[in-house]
Amino acid sequence: MTTAGTNPYAALTVVELSEDPAGEYTGKLLADQGADVVKVEPPGGAASRRTGPFVRGRDDAEASLNFRWYNTSKRSVVLDESTADGRAALAALIADADVLITGRSTVCGLGPHALAEAHPRLIVLAVTPFGLDGPWASYRSSDLVGLALGGPLNSCGYDDHAIPPIRPGGNQGYATAASFAHTGLLLALLQRTRDGRGQVVDVSMHSALAVSGELANPFWFYPRAIVRRQTCRHAQPSPTQPALFQCADGRWVYFALILADQKPWQALVDWMDSLGLAADLVEPEYADLAHRQANFSHVQELVEVFFLLLDGDTAYHEGQRRGLPIGITNAPEELFGDEHLAARGFFVEVEQDGGEPALQPGSPFWFSAFSAEGPRRAPRLGEHTEAVLGR
């Protein structure tokens with residue numbers, strides 16, 4: 001990988017007025033790539049500073065791990081918008097910015113479109129739960145509410161439908177909105193290089209999730225079928241066979257057993273046979289798809305026994321060597337020992353305020369023409385107020 005040239009984000013000045021994870025993660029994506037993202041906080045600090053978990057149980061503005069994750073590489077400026085001086089300082093910041101990330105309906109007494117008119121080159125990136133207009137525009141939301149209303153939650157959970165749908169971890173709703181916000185901003189920046197004008201980019205988490213329903217959308221749009229959630233596999237209109245298999249060491253592998261494709265079927269049988277575990281699957285009648293389908297439960301049972309006699313790493317690597325789509329299920333902490341991520345330098349040491357550096361995920365993007373900046377520690381409350389406002 002070559003790293004000549006300057007990251008184009010390094011020329012961007014961004015003012016961030018968002019306090020929910022959707023807006024904060026959008027700012028993080030820009031800041032970690034070199035943009036100067038100025039996070040404007042009230043005197044008591046952003047609400048995310050009061051969201052746990054906290055370092056060693058401390059409950060203060062500098063100890064939130066939530067804040068440290070969503071606000072890497074940014075600069076913190078404290079403004080009191082209840083004062084004339086605070087409002088004037090914020091207006092000056094916006095006047096000098098390329099991008100304003102906001103979740104508010106008004107900033108400095110102006111709506112997003114009025115702000116864009118007042119600052120012709122400014123791109124106002126409004127990342128909100130339901131968009132800037134419509135009957136739900138003023139409604140409040142959360143990651144769980146967003147996933148529920150947008151549809152993805154209906155596909156998340158277990159085979160037992162007596163159990164309600166289960167919200168996936170990781171703020172997936174907020175992250176989806178941030179991903180769409182990042183894409184929308186890039187389009188607006190490209191347009192600005194052509195005509196020199198900014199605009200309002202209106203990003204609704206509800207809309208972003210409504211188009212992210214995976215198989216639920218095409219199944220409804222075409223055959224008018226409703227998908228049913230299943231344990232650790234794609235929701236489908238009709239139940240499919242389990243795809244998780246436990247191994248001898250207690251770990252689990254994911255393997256979608258697809259009978260219709262002859263090549264992976266033969267690779268699986270050859271693998272099982274090499275260990276004397278193929279049983280009757282080597283018989284000529286199993287070369288016929290109809291016979292395999294008619295005896296699917298039997299096949300599934302033999303495969304379950306097969307994996308129970310292998311440790312997880314062997315099942316994963318040997319299966320991949322044979323061209324089979326097998327993946328081992330890792331707990332988040334196990335990723336730190338992942339040889340592939342280590343070889344690509346994915347985890348990087350990030351300075352921590354008042355403590356030892358900690359490993360954090362680095363950039364998911366690598367570029368041949370310029371370097372990916374990677375994360376720097378999140379700012380202390382008001383750490384850059386004097387430097388930024390003094391300019």
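## Report on the predicted chain

Arg192 is located in helix 6, which covers residues 172–195. Helices (H or I, at least four residues) and strands (E, at least two) are DSSP runs, numbered from the N terminus. This is a predicted model, in which local features need pLDDT of at least 70 and side-chain atom pairs count only at pLDDT 80 or more, while totals for chains, interfaces and linings use all residues. Residues are numbered from 1 along each chain as its sequence is written, and side-chain values use heavy atoms, with hydrogens and water left out.

With a relative accessible area of 9%, Arg192 is buried. Buried means under 20% relative accessible area, exposed over 50%, and partly exposed in between (1.4 Å probe, protein chains only). Leaving aside residues up to four places away in sequence, Arg192 touches Leu12, Asp98, Arg121, Ile123, Arg197 and Gly198. Contact here means heavy atoms within 4.5 Å.

Glu356, in strand 13 (residues 355–361), counts as exposed at 67% relative accessibility. Glu356 and Leu335 lie 21 residues apart in sequence and 20 Å apart in space, C-alpha to C-alpha.

**The chain as a whole**

The chain has 14 helices and 13 strands. Its C-alpha trace spans about 85 × 50 × 45 Å along the principal axes. Of the 391 residues in the chain, 39% are buried. Among contacts with a separation of 6 or more, 64% are between residues 24 or more positions apart. The chain exposes about 20,000 Å², and carbon and sulfur atoms supply 55% of this area; accessible areas come from the Shrake-Rupley method with a 1.4 Å probe, and for residues only the protein chains shown count as cover.

**Helix 3**

Helix 3 (residues 84–96) has 13 residues and reaches 19 Å from its first C-alpha to its last, close to the 18 Å expected at 1.5 Å a residue. The expected span is 1.5 Å times one less than the number of residues. Gly86, Ala89, Leu90, Leu93 and Ile94 are the buried residues of helix 3. Seen down the helix axis, these buried residues fall within an arc of 135 degrees, so they line one face of helix 3. The arc is that of the directions from the helix axis to the C-beta atoms. Ala84, Asp85 and Asp96 are exposed on the other side of helix 3. The cover over its buried residues includes strand 1 (13–16), strand 2 (36–41), strand 4 (99–102) and helix 14 (385–390).

Two strands pair if DSSP finds at least two bridges between them. Two antiparallel pairs are listed below.

| Strand pair | Bridges | Sense |
|---|---|---|
| Strand 9 and strand 10 (residues 252–255) | three bridges | antiparallel |
| Strand 7 (residues 228–230) and strand 8 (residues 233–236) | two bridges | antiparallel |

Phe245 has Val253 in strand 10 as its bridge partner, and Arg228 stands opposite Gln236 in strand 8. The hairpin of strand 7 and strand 8 has two residues between the strands, and Cys232 takes a positive phi near 50 degrees there.
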